[in-house]
Amino acid sequence: MDTKQNHSIGIIPITASKLLERMGYYGIRSILFLYLVNGPFALSKAEAASFYGNFTLAISILPLLGGLLGDLLIGARLASVIGVGLQTMGCFLLATPIYPGFIFGVILIALGIGLYNPNIISSLGLLLSLIHISEPTRLRRISYAVFCLK
């Protein structure tokens with residue numbers, strides 16, 4: 001009998017999706033201020049800083065609401081899928097040269113992150129609780145470490 005413990009195969013898509021989501025978020029975050037100041041909208045530095053601050057605030061607060069929505073109403077998996085869809089639509093809208101389309105894209109990205117982040121971690125916890133292993137705490141710690149390394 002083989003006693004070797006392996007991670008569930010489900011950790012791969014969860015970790016890969018989290019990696020891609022974080023790459024998209026930090027990519028947008030790193031150039032947002034410069035795009036607002038030097039791009040087609042040519043906002044002042046004060047306006048761009050205010051916009052960037054509001055975006056960062058929304059990214060910090062919306063996961064609380066997204067976690068509640070996922071836990072109480074629609075489920076973690078569906079909330080994660082909807083969150084990724086919103087982020088994807090938001091990224092495409094960022095390419096629009098009109099200011100309202102750009103604003104709507106940033107709002108969609110913030111809403112998507114708010115739905116995705118808390119619920120993907122819940123999905124990972126559910127996945128790891130379903131694994132029947134003899135040393136659950138050790139493998140769960142390692143699995144969360146792999147997920148956090150993304």
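Which element contributes the largest share of the nonpolar patch? Helix H2 does, with 7 residues.

The structure is a predicted model, in which local features need pLDDT of at least 70, side-chain atom pairs count only at pLDDT 80 or more, and totals for chains, interfaces and linings use all residues. Residues are numbered from 1 along each chain as its sequence is written, and side-chain values use heavy atoms, with hydrogens and water left out.

The chain holds 5 helices and 0 strands. Helices (H or I, at least four residues) and strands (E, at least two) are DSSP runs numbered from the N terminus. Along the sequence the pattern reads α-α-α-α-α. Of the 150 residues, 36% are buried. Buried means under 20% relative accessible area, exposed over 50%, and partly exposed in between (1.4 Å probe, protein chains only).

The nonpolar surface patch covers about 870 Å². Its members are Leu64, Leu65, Leu68, Leu69, Leu72, Leu73, Ile74, Leu78 and Ile82. Helix H2 (45-74) and helix H3 (76-93) each give two or more of these residues. Patch residues have over 30% relative accessible area and no salt bridge; nonpolar side chains (Val, Leu, Ile, Met, Phe, Trp, Tyr) are joined within 5 Å, like charges within 9 Å. A salt bridge is a side-chain nitrogen of Lys or Arg within 4 Å of a carboxyl oxygen of Asp or Glu. Leu69 lies in helix H2. Leu69 counts as partly exposed because its relative accessibility is 31%.

The largest pocket has a volume of about 310 Å³. Thirteen residues line this pocket, and the closest to its centre are Ile14, Arg77, Ile120, Ser123 and Leu127. A pocket is an open set of points on a 1 Å grid where a 1.4 Å probe fits, with protein on both sides within 12 Å along at least five of seven lines; lining residues have an atom within 4 Å of a point. Volume is the space filled by probe spheres set on the points. Helix H1 (11-38), H3 and helix H4 (99-130) each supply at least two lining residues. H4 provides the largest share, 5 residues. By class, the lining has 8 nonpolar, 4 polar and 1 charged residues.

The second largest pocket holds about 160 Å³. Its lining includes Ser17, Glu21, Tyr25, Gln87 and Cys91. H1 and H3 each supply at least two residues there. H1 gives the most, with 6 residues. This lining divides into 6 nonpolar, 4 polar and 1 charged.

Definitions and conventions:
Areas by Shrake-Rupley, 256 points an atom, 1.4 Å probe, with all protein chains shown as cover. Nonpolar A, V, L, I, M, F, W, Y, C, P; charged D, E, K, R; others polar.
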